[in-house]
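Below are some notes for a colleague who has the coordinates open. Please read them alongside the display.

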Amino acid sequence: MQSRRDFIKTTAVTAASLAAVGPLSFDSSAQTIAAPSADPAAIEIANEALNAAKSAGASYADVRVGRYRRQTIATREHQISGVTDGESYGLGIRTLVDGCWGFAATSTMTRAAARTAALEAINMSRAARAVHKHRIELAPTARVTGTWITPVRRDPLDVPIEDKIALLLATNEAALKVKNVRFANSGLQLLREVKTLLTSEGTNVTQTMIRVGPSFSTTAIDGGDFQTYEEEIAPRGLGWEYVESLNMPGNAERWASIAGEKLTAKSVVAGTYDLILEPTNLWLTIHESIGHSTELDRAIGEEANYAGTSFVAPPEKVIGQLKFGPAIMNVQADRTQEGSLSRVAWDDEGVPADSWLLIDKGVFKDYQTTREQVARIQKLTGVSRSHGCSFAESWNAVQFQRMPNVSLLPGTADIGVDDIVKDTQRGVLIRNRGSWSIDHQRYNFQFSGQAFYEILNGKIAGMLKDVAYQSNTPVFWNAMDMIGGKSSYWLGGAFNDGKGEPSQSNSVSHGCVPARFRNVTILNIARKA
Amino acid sequence: MASQARPGTDAGTPLLTREQAKAIADRVLMLSTAEQTRVNIVSEWSGNTRFADASITTSGGITDTTLTVTVTIGKRRASSSTNVLDDASLKRTIDLAMRLARLSPEDPEIMPELGPQKYSDVNAYVRATADLDPETRAAAIQRAVSASSAAGKPAGSIFSAGFLEASARAIAVATSSGLFAYHRTTSSEFSMTARTPDGTGSGWASSGARDWTAIDPSAIGRIAAQKAVASRNPQAIEPGMYTAVLEPQAVTDLVPLLAGALNARNADEGRSPFSKTGGGNRIGEKVADERVTLYSDPNDPKLLAEPFDNTGLPIARTVWIEKGVLRNLAYTRFWAQKQGKQPTGSPAAGGLALVGGTKSTEELIAGCARGVLVTHFFYIRALDPRTVLQTGLTRDGAFLIENGKITRALKNFRWNESPLLMLNRLEEIGRPELTAAGRVMPALRIRDFNFTSLSDAV
């Protein structure tokens, strides 16, 4: 249940952020595909599992039936390097007994196998009582029923594969026309996920999520050196019309020429510079330094053995207190933004999609949460509902807290990257994601990019190579002094973000504007062999 | 639990037997009308338990069987997969692969599917691992948590978090040219992080093996906590080039990254650290210290890797680097034929072992005048394929060594270093040990390891 106080908060944030965010580069408003309902046979099997769990003593149980269709196409130069098309179907059941979780999953979709899985999950709940300091308590959520589908005009999996291959090969063809460009790779990752969730509290929802992830990279070789350039093509929760709107064949020559230019670029002189990050680079820095550090499971140690903990901890010392960045910094979490990868109607616990501020005018305000986490911080935030961050990558994986879209909201002045360059005396500008690495509490990071430019006296002076920037999250964000306005907003994203043991993959988008950071350490990463 | 047939056991197992896998593969081969067909089957069970702060947070038991059909029509090839194994679904999967293949352009590099092959018999299936039930896992975690609490007492109430997973897999490959291969394997892994209540110390220990009984949960709990206690109140020292003693787990994080660089085609095409200036590759050249030997071998009793790859190609022992000299690169069947070589399969296929020394980690520390001891690494990412340069961080215990002794805890470092270049700055190589299923790695003492900045992370 959502309290009135929560409702007002959430609504206010959503309205403010939607007004602030500029339009997506692509208009996907015309929708023609209706949301499919659940397969009645699957509902029957899921109910069998739920009933078995309840009879065996579960105080709560949920069942997810998932049908996942994934297609990947990879091409190199004039040929296909791989085509895969796979379907995965099955059921996973999670049970709560005496405040302990159990989970079991099976690909055998029969009533008998569903019962066996339910009992296996119950056994796991019971076994967990042996090591059991904290009792799981779920924050209330309203019972929901319904269907939803990612708004698309054309389901990418229904597009003939010959059209997809033709598009990719034409892209490579165009790239290979460029001098010194010897290799070109392009690809598509396509996903359709049909997921039904039933809970012992009466929720019954079926959602169809559609995601597309195009990619392009190219390598130029000359005089014993080779340089690669990867275009930053955002994966999105959109249909085939988005892929078409990218005009990959029409842009490939321009993209490939950047790899050629890198061969003669000046190797950067290591030192301290003002750093301007385009949204095509900054989205990943947001993901790593803000997205992951504001996950509540990390802050309370549940990820300590794998992804790590967080410097944004303990909750009682940071909520409303930690100065994450300057007052121009507003960071929103949401699962509602159109075209974003994390968009759903309900999360994997049946909690309605939410939109809220993680950082408000530079100050840390709230975490990402699931139902079992709410009680940990409710007194500090005043929020009594889950923010709806529960997600499992497949029917065969247990749901847990995963990152929603996390985005840096635009500044009030509608300026763009050119205005920021004009205002910068000595700097480095970076486009697209390169190598990335960050420590297990999200302090020290080192990121690279794909295209680097030297800035002198308000102008781009030339291209650089061998560049990486290294900083510390709070120092870095507090050094941000200029950000773009709503027309410079761009939505990037990661198709595969890993977390958890066993590791699960999540898709998440990050919107942002270009930004400047003062006095950042720039490294030269070239080494002599 | 006793009343139920458990996954992985011979009675009522959901893992496909050789006969069951062959029957399914034969059915697909019969249903397919393609010129050539290959069937890959992966039948698996896994059981896992995760814990934090003395509570099991999640646990799971998963069974699944995935079948992939790869069809060839002329020079066109495509795959499709499913985990629904009734005839209708198999037919649909074959039809989809056929459709995809017909639509695909010709692949000038296509190789025909393999006929019958001879495989070595690798016994990598251990019943104790396949039978690891939730109660036994919970009991093992309890032992580790108790050992951690006891060893962590000097620091107060220690926080522990960890993960235990056991899995069993049966894989099968069949082709329309008469090849059939089947292999069963198990794998288990237990890792744990211990943190001190003041938030200044963190330790970690991990063990992995095909045989669950080779893992000692109490030892893992104890070592993680001892490291946590010892790593409290870390001091900052100036980043720079230091001698580094890398524990075997740290070496396991770093050295296998060389596998990706061992691709023969990339070397021959000028895209690799093993490319020769002016063309060709560096086979026969010295690429590392002469004490370094790196090999793959599915039959090695410590590696016990899969004896064939997903095309059914037998994986034999391959020595990549012998006494510092590059002996082999990884050849696909196409590239091997083009270059007149034997195909090897991928470099990681046959497990990976780095050998050449006999000393213990303690002896490597004792022989170090001044250096940094590293427990393990985190978030390693490639920076430059020309030198296999990587960046990453130290984690859960970095210590200063002075005159052969550990003298104090250090703040974590970010580093930029290449596993290849580093093997040319070898001071000492330790005794190889089993660090994870399919990995045998020693401790190493490396001169001038490039620590580039400090991290505040504990």
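1. Helix α7 (residues 279-291) of chain A has 13 residues, yet only 15 Å lie between its end C-alpha atoms, short of the 18 Å that a straight helix would reach at 1.5 Å a residue, the expected span being 1.5 Å times one less than the number of residues. Helices here are DSSP runs of H or I with at least four residues, and strands are runs of E with at least two, numbered from the N terminus. Because 13 of the 13 residues of α7(A) are buried, this helix is largely enclosed by the rest of the structure; buried means 20 or more other C-beta atoms, placed from the backbone, within 10 Å of a residue's own.

2. This is a predicted model, in which local features need pLDDT of at least 70 and side-chain atom pairs count only at pLDDT 80 or more, while totals for chains, interfaces and linings use all residues. Residues are numbered from 1 along each chain as its sequence is written, and chains are lettered from A and ligands numbered from 1 in the order in which they are written.

3. Chain A is divided into domain 1 (31-264) and domain 2 (271-524), with bounds from an automatic or database assignment, and their centres, taken over C-alpha atoms, are 22 Å apart. The contact takes 42 residues from domain 1 of chain A and 36 residues from domain 2 of chain A, where contact requires C-beta atoms, placed from the backbone, within 7 Å.

4. Val245(B) touches, among others, Leu364(B), Ile365(B) and Arg445(B), not counting residues up to four places away in sequence.

Technical notes: Contact = placed C-beta atoms within 7 Å. Buried ≥ 20, exposed ≤ 12 C-beta atoms within 10 Å, placed from the backbone.
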